[in-house]
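Me: I would like to go through the contact between the chains of this model. Could we begin with the strands?

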2 protein chains.
Amino acid sequence: MGEFGLIDLISRQFKVPEGVTGIGDDCAVIPQREGFDTLVSTDMLVEGSHFIRDRISPEDLGWKSAAVNLSDIAAMGGRPDGTFLSIAVPKETDGGWMKRFISGYRQLSERFSCPLLGGDTTASPDRICINVTVTGSVPTGRALRRGAAREGDLICVTGCLGDSALGLRMLLDGSTGHPDYRYFTSRHCRPLPRVEEGMALARTPGVHAMLDISDGLGSDLRHILEASGKGAVVECGAVPLSEQLRAYCSEHGLDPLEPALCGGEDYELLFTVDAGSESSLPVEHSVIGRITEPGEGLVWKGSDRDFLGFRHF
Amino acid sequence: MGEFGLIDLISRQFKVPEGVTGIGDDCAVIPQREGFDTLVSTDMLVEGSHFIRDRISPEDLGWKSAAVNLSDIAAMGGRPDGTFLSIAVPKETDGGWMKRFISGYRQLSERFSCPLLGGDTTASPDRICINVTVTGSVPTGRALRRGAAREGDLICVTGCLGDSALGLRMLLDGSTGHPDYRYFTSRHCRPLPRVEEGMALARTPGVHAMLDISDGLGSDLRHILEASGKGAVVECGAVPLSEQLRAYCSEHGLDPLEPALCGGEDYELLFTVDAGSESSLPVEHSVIGRITEPGEGLVWKGSDRDFLGFRHF
C-alpha cells in the first residue's frame, strides 16, 4: 500500500484530543500545563528476541507493544497522554499483518484513552522491529520513583505474579490443549497496564517507591533497593499466586516461586508504603515484605534460593 | 558488560538539566511550562535498510541517529530538550562498537545541548536496530507546520541540496580517493540539524510553512503543497548547489538536479514566507520558487523532468 498509504491507514484510526496535533507533521504538538511534569518512556521489541511471529497474533503483539509502555507511565503514577510507534517490516510482509497489528494497538489505545500521536514506518531487511515511546503527565513532583523507599515501609504488589511466564512457556511448547491455556497466554500477550491503580497510588499519602514488574520480582525489587539504598525481607509465602498457577505448578512438579519471582512481564505494580498507611490504600494489593536497613541485603524468607529476574544480555 | 553495565556507561556521559530526571527510573520526568507546547518526533534506523555497518563508523552512526531527530524539532521551529535512545544489538557485537556509537551520539547531544534522557538497550538476533525519540518545546501556537503555506509565498531553502546523496554514493562505491570524498561523506554521515535557524524562523513574522528535507526536495515540497492545498512553481536554476557538487556532476556527466531534488537526507529547512518579509529573514537562504493556486500543481521550471523523492516502500 506504500509508505504514505500506510500512514493514512493508521492515522484515520486514532482520535486525537482537541488542541493536540498528531500524525502528519514533523512532530506531534502537545500543550504544556503549569503544575504538571511530562513523563516519557520507550521500549523496543525485536522479532526473534522479544517475540516469535508465528507464536503471537498480530493483534496481540500490537496490544502488547503499547501496553508495556503504558505500564511504565503507570509505574510512576502518571496518566498516559499519547504514544509514538516506530515499526520496520520486511517488504514481503502481508499487508493484512499490519492491519491486524494496528487493530490490536488501537484496542489498547482506546481502552486507556491514549491515542497514537506519531511514529515512523519503514522497511526492514527481514525481522520486524517495533519501538513505542509513550508520553504522560503527573502533577508536579508527584511521580513515584524507585529510590524513595524508606526503612520500615511495607512492600506491596498488585495482582498475581508468574502467570505471564507460564503463558510464554505454553506458547513455546504449544500446549494448546491445557484448560488454562487461554488464561495464561492472555496474561502474557494482553497484559493490562495498571494505569488507574498507579494514578490512585500517586494520590495516596504514604506511598513512597514504585515500579512495574517487567523483569521479575527478584530483579525489580533489587532496582528499588539499589536506588533507595535499602535492604528488604520478603515472605515468599505471601507472594500472590493465581489458583491456575498453583494448579499448573502442582501438575508439573514446578516450584511456583520460579515463574512468580523470575518470570517477568507481569506488569503488576511493586510499591512501598508507610506501615501506618497500608490499610487505607485505594487499590487491591498483597503485602509481601518490608524494607530494612541497607546492611541486611535482600532476604527471601520461606525459600532457600536467591531469585534473580531476567537480563537481556 | 551486561545490560545494566551498559546503562551505567551511557548514563554517566550525559549531563541532565536541573529539575529533570533522566536515565534510571521507569520514565524520564520533565517539568511542563505554561506558554509552551511539547514537540515529539521519532525515527527508526535498521541495519541493512538505513545503514551498512562497515560503511559508516559507529561514531558517525551515533551522531546521525540523534541528528535526524533533532532536525524534526528544527523543522517545527522548536528547541530540542532531550532524546530517548532504543538500541538492539546482537550479543556478539564488540563492546567497543557501542562505546564508539555512544561517543558520536554524545558529540551531537553536546553540540545542541540536548541530553539523552532515557531509552532501552536490548538484544537483537542479528541486525542492529536503533530508534531515537526526541522531545522539544516551542512557544504555544508558534510551531511552523506543513499546512500553513499561502498563495504568493516565496519558497525558500537553507544551505545546499544534494551533497548528502553524493556522500552516500561515494560510501557505496568506495571512491575514497576523490578529493571531495570527506566533504560529501561528512554531509551524509554528520548532518547538522538547523536548530538555531528553525528557532529564528519561528520567531520571524511572515514565515508560514516549514519542514526539513529528509526524503528529497521533490517529495518534501509535495508534502507542504498537499497539507496546504496549494500549487507551486520552482525555478530549477535557483536550487542551491555546492561548488563541489557542480564539479562532481560535471566530471561524471550527472544532472546535478538528480541528487539535489531526489536525493534526500540533506536535513536543510524548506519554508515559505510572505513575499514582503523575505528581505528581513534572519537566516541564510535561497529563494527557489513561489506558492500558487492549487489547480496549478507543481511545476519545475528549467527542467523537463518530474522529480520525486525517496520512498521507503
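Reply: This is a predicted model. In it, β1(A) is joined by four bridges to strand β2 (residues 36–46) of chain B, and the two run antiparallel.

Me: Which residue stands opposite V29(A)?

Reply: V29(A) faces L39(B), which belongs to β2(B).

Me: How many residues does each chain give to the contact?

Reply: Chain A contributes 65 residues and chain B contributes 65 residues.

Me: And what area do chain A and chain B bury between them?

Reply: About 5500 Å² is buried between chain A and chain B, with 54% of it on carbon and sulfur atoms.

Me: Turning to polar interactions, how many residue pairs are in polar contact between chain A and chain B?

Reply: There are 31 such residue pairs between the two chains, counting those with both residues at pLDDT 80 or more.

Me: Which elements give two or more residues to the side of chain A that touches chain B?

Reply: In chain A they are the helices α1 (3–11) and α2 (58–74), together with the strands β1 (28–31), β2 (36–46), β3 (79–90), β4 (116–124), β5 (129–139) and β7 (207–212).

Me: Which one gives the most?

Reply: β2(A) gives the most to that side of chain A, with 10 residues.

Me: How do the residues on that side divide by type?

Reply: The side of chain A that touches chain B has 26 nonpolar, 21 polar and 18 charged residues.

Me: On the charged ones, how many salt bridges cross the interface?

Reply: Six salt bridges are found across the interface of chain A and chain B. A search of the whole structure, over all chains, finds 28.

Me: What does D126(A) pair with?

Reply: D126(A) forms a salt bridge with R127(B), and their closest N and O atoms are 3.0 Å apart. D126(A) sits in the loop between β4 and β5 of chain A, while R127(B) sits in the loop between β4 (116–124) and β5 (129–139) of chain B, so this pair joins two chains. There is also a salt bridge between the side chains of R127(A) and D126(B), at 3.0 Å from N to O.

Me: Why can such side chains pair at all?

Reply: Side chains of opposite charge can pair when their charged atoms come close.

Me: Why can one say that the copies meet through the same surface?

Reply: The copies meet through the same surface because 100% of the interface residues of chain A are also interface residues in chain B.

Methods:
Residues are numbered from 1 along each chain as its sequence is written. Chains are lettered from A and ligands numbered from 1 in the order in which they are written. This is a predicted model: local features need pLDDT of at least 70, side-chain atom pairs count only at pLDDT 80 or more; totals for chains, interfaces and linings use all residues. Side-chain values use heavy atoms; hydrogens and water are left out. Contact means heavy atoms within 4.5 Å. Buried area is the accessible area (1.4 Å probe) that two parts lose on being put together, summed over both. A salt bridge is a side-chain nitrogen of Lys or Arg within 4 Å of a carboxyl oxygen of Asp or Glu. A polar contact is a pair of N or O atoms within 3.5 Å; within protein, one must be able to donate a hydrogen and the other to accept it, and residues adjacent in sequence count only if both atoms are side-chain atoms. Ala, Val, Leu, Ile, Met, Phe, Trp, Tyr, Cys and Pro count as nonpolar, Asp, Glu, Lys and Arg as charged, and the others, Gly among them, as polar. Two strands pair if DSSP finds at least two bridges between them.
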